[in-house]
Amino acid sequence: MAFFREDGYQRSGTPWLPVTHGKSFTSVHVLLFSYVLLGTRLVAFIFGRSGVLCLVAAILLGARFIPYAHELHPNYGGGLSRKLFRFSIIYLAVRFGALLLDHWVRLILPTPH
């Protein structure tokens, strides 16, 4: 998602993925990792490591993040990458908030064994 700052990273010599491997390679990895992010939450729910709140948050957030990532892959321009970057900040804040809330809900309302 550093596509819109690529020239700055290049000038500074910072080894950022779009600079070292190119935009196409980077956008494919953004797409792949967006699916991995969703998959990790599903697996955590299946194995009882997170609750329904985390699962719902992951599905709702993934339902927006994955289409952004699909759109970014063939059209890796500055405007779209900036939009995805902004959403990724919201995504992380909501995911961590859901993790925290889910943890407290599971402590207060333990599931029967």
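Q: How should I read Leu-31: buried or exposed?
A: Go by relative accessible area: under 20% is buried, over 50% is exposed and anything in between is partly exposed, using a 1.4 Å probe and protein chains only. Leu-31 has 15% relative accessibility, so it counts as buried. Keep in mind that this is a predicted model, in which local features need pLDDT of at least 70, side-chain atom pairs count only at pLDDT 80 or more, and totals for chains, interfaces and linings use all residues. Residues are numbered from 1 along each chain as its sequence is written, and side-chain values use heavy atoms, leaving out hydrogens and water.

Q: What is Leu-31 in contact with, once its neighbours within four places in sequence are left aside?
A: A contact here is heavy atoms within 4.5 Å. With those neighbours set aside, Leu-31 has Ile-66, Ala-69 and His-70 as its partners. Leu-31 itself is part of helix H3, while Ile-66 and Ala-69 are among the buried residues of H4. As for His-70, it is 39 residues from Leu-31 along the chain, yet their C-alpha atoms are separated by 6.2 Å.

Q: What does the secondary structure of the chain come to?
A: Helices (H or I, at least four residues) and strands (E, at least two) are DSSP runs, numbered from the N terminus. This chain has five helices and zero strands. Of the contacts with a separation of 6 or more, 61% join residues 24 or more positions apart. Burial takes in 30% of the 113 residues.

Q: What span should helix H4 have, and what do its end C-alpha atoms give?
A: The expected span is 1.5 Å times one less than the number of residues. For the 21 residues of H4 (residues 52-72) that makes 30 Å, and the end C-alpha atoms are 30 Å apart, so the two agree. H3 (residues 23-46) has 24 residues and should span 34 Å; its ends are 35 Å apart, which agrees too.

Q: Where does H4 bend?
A: Take the angle between axes fitted to the seven residues ending at a position and the seven starting there. At Gly-62 the bend of H4 is about 30°. Gly-62 is also one of the buried residues of H4.

Q: How many salt bridges does the count come to?
A: The rule wants a side-chain nitrogen of Lys or Arg within 4 Å of a carboxyl oxygen of Asp or Glu. One turns up: Arg-106 with Asp-102, their closest N and O atoms being 4.0 Å apart. Arg-106 is partly exposed because its relative accessibility is 36%, whereas Asp-102, at 5%, counts as buried.

Q: What about Arg-95: which side chain of opposite charge is nearest?
A: For charge, Lys and Arg count as positive and Asp and Glu as negative; His and the chain ends are not counted. The nearest for Arg-95 is Asp-102, 10 Å away, and Arg-95 is buried with no salt bridge. Arg-95 sits in helix H5 (residues 78-108). Beyond four places in sequence, Arg-95 is in contact with Leu-37, Thr-40, Arg-41, Ala-58 and Leu-61.

Q: Where does Ser-50 lie?
A: Ser-50 is in the loop between H3 and H4. Its relative accessible area is 2%, so it is buried. Not counting residues up to four places away, Ser-50 touches Arg-41, Ala-44, Phe-45, Asp-102 and Arg-106, and that list includes both partners of the salt bridge. Ser-50 and His-103 are 53 residues apart along the chain, with 7.6 Å between their C-alpha atoms. Gly-48, which follows H3, has a positive phi near 75°.
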